Amino acid sequence: MTNRFAVILAAGQGTRMKSKLYKVLHPVCGKPMVQHVVDQVAALQTQKLVTIIGHGAELVKSQLGESSEYALQEEQLGTAHAVMQAAPLLEGQEGVTLVVCGDTPLITSTTMEELLKHHEQVGAKATILTAHAEDPTGYGRIIRDENGNVEKIVEHKDASEQERSVREINTGTYCFDNQLLFDALKNVSNHNVQGEYYLPDVIEILKNQGHIVSAYQTMSFAETLGVNDRYALSQAEKTMKLRINKQHMLNGVTIIDPDNTYIGADVSIGQDTVILPGTIISGSSSIASNCEIGPHTEIRECKIGERTVIRQSVAHNSSIGNDVNIGPFAHIRPDSMIDDEVKVGNFVELKKAVFGKGSKASHLSYIGDAEVGADVNIGCGTITVNYDGKNKYLTKIEDGVFVGCNSNLIAPVTIGKDAYIAAGSTINQDVPSKALSIARARQVNKENYIDKLNKNE
Ligand code: UD1
Ligand code: CA
């Protein structure tokens, strides 16, 4: 089998994004564009995958990690100059080299595989992935001769009126005979409107040397969208979102309104889970089967068990068990661990709280820096007083405890197993197991006091 190599171009600043963040690091459905490209290329199992880095080199490197080798392009002199930086890693080796731009996040391994197949079948030395664009503005145009053979690519800025009327565009993905590519790159000049070394010029060079150059047109322009500005970024986001949602639906997840459901690229969801409109699930969250999530719910970096219901709520960096019922309007803050069969009702906030099996906080509570055992009932309005302005302290509530409504538990404090806190208590000392603790002023009733008041008027 022929060797396969890949070069991903990711050194540009991305001026048109008007951003401090380097272009290829802008996320699409929560994942940086260049990572989408690398993930798809990785599926092709190339012998070598080289990413050309320049602007934001260290950040791109730390994003992609070991999945790629790197070549540094110190000055961004154009896409041909970029590929040339991979010469020390690739030059002279026999095989096919795929070149992909780091700003085409929607490209799929399937399409790249088709491109490589076409390249091999026609015995070409270079094959361009092209697409038909309704609005080709900004893209390089594919110029063919009267027989339909590819002659060259002309950049939009360099194109004549007639060339600009061509709707077949260069998607920025190509494959080349590796040895010929690096030879041809040496002959690319920068005599053009932008004063850059254009990779597309390699096509004309190889053609003039008498080699077969070819084009493979994909049916899906959407897949080849190049993201140069925020408008294109929003289009990429939209297409990627629908692609991700469709995949989940085909896997057995019900998504009531896919246009208004935002699921990150690395999220997993089990069968028969229903996602209601306005829901955003991000990071590497995983949701097991038979859950009901939403409407209008935000889940970030959470692991959620089976048959759990979360309505109109926010949950971050937490684990949530099976058969849990959350919301509406609950806030699960980072480092919370919610066990099975728990209920967290409206206007309840958890932060760094362990919540044992079957425990309930049904209404209006703040439980922070707490370890709550199993089968605990937290009454409405209960607050763990965890912060003295400087430090945070732990509240421990053991199994079977009943906390009456509107209690303050001033940490550090431990409520022993099966203890009972009377409503309205402010607890600042440990409560022994099975004790009833009442910590509030005794009620005084002043008989007929109102009549006396009225008489004095
Ligand atoms: C490029 C193509 C154009 C094609 C379009 C498809 C050239 C000259 N033009 O145009 O024919 O239709 O892509 O989307 O290639 N980069 C570097 N180093 C550089 C310059 C660019 O690494 O010196 C990287 C960028 O980070 C980017 C990619 O190459 O990821 C493409 O560069 P960009 O400036 O976006 O090219 P386009 O103008 O879109
Ligand atoms: Ca581009």
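Predicted model: local features only at pLDDT ≥ 70, side-chain atom pairs only at ≥ 80, totals over all residues.
**Backbone details**
- Another cis peptide bond links A411 to P412, again with omega about 0°.
- You will find P412 in the loop between β33 (408–410) and β34 (413–415).
- K18 is not a glycine, yet its phi is positive, near 50°.
- That residue, K18, belongs to the loop between β1 (4–10) and β2 (27–28), and with a relative accessible area of 72% K18 is exposed.
- Q45, also not a glycine, has a positive phi of about 55°.
- Look for Q45 in the loop between α1 and β4 (48–53); its relative accessible area is 68%, so Q45 counts as exposed.

**The calcium site**
- Two residues supply the protein donors of the calcium ion (ligand 2): D103 through OD and N228 through OD1, at 2.3 to 2.4 Å from the ion.
- N228, at 23% relative accessibility, counts as partly exposed.

**Helices**
- Helix α1 (residues 33–42) has seven of its ten residues buried, so the rest of the structure largely encloses this helix.
- The buried residues of α1 are M33, V34, Q35, H36, V37, V38 and V41.
- Helix α7 (residues 178–185) and helix α8 (residues 201–208) have axes that come within 10 Å and cross at roughly 105°.
- The two helices α7 and α8 are therefore roughly perpendicular to each other, because angles from 65 to 115 degrees fall in that class.
- On the α7 side of the contact are L180, L181, A184 and L185, which meet V202, I205 and L206 of α8.
- Sorted by type, the residues of this α7–α8 contact are seven nonpolar, no polar and no charged.

**Strand pairing around β28**
- Strand β27 (residues 343–355) pairs with strand β28 (residues 360–372) in the parallel sense, over ten bridges.
- Within that pairing, V348 has S365 in β28 as its bridge partner.
- β28 also runs parallel to strand β29 (residues 377–378), joined by two bridges, and here K360 stands opposite N377 of β29.
- Strand β31 (residues 395–397) is joined to β28 by three bridges, again in parallel, with A370 partnered by T395 in β31.

- K351 lies in strand β27 and, at 12% relative accessibility, counts as buried.
- Apart from neighbours within four places in sequence, the residues in contact with K351 are R333, P334, S336, Y366, I367, G368, D369, N386 and K392.

Key. Residues numbered from 1 in each chain as written. Chains lettered and ligands numbered in written order. Heavy atoms only, no water. Axes fitted to C-alpha atoms, helices over the stretch in contact; angles between N-to-C directions. Helix = DSSP H or I, 4+ residues; strand = E, 2+ residues; numbered from the N terminus. Parallel < 35°, antiparallel > 145°, perpendicular 65-115°, else oblique. Contact = heavy atoms within 4.5 Å. Nonpolar A, V, L, I, M, F, W, Y, C, P; charged D, E, K, R; others polar. Pairing = 2+ DSSP bridges. Donors = N, O, S within 2.8 Å, 3.2 Å for Na, K, Ca; no water. Buried < 20%, exposed > 50% of the residue type's maximum accessible area, 1.4 Å probe, protein only.
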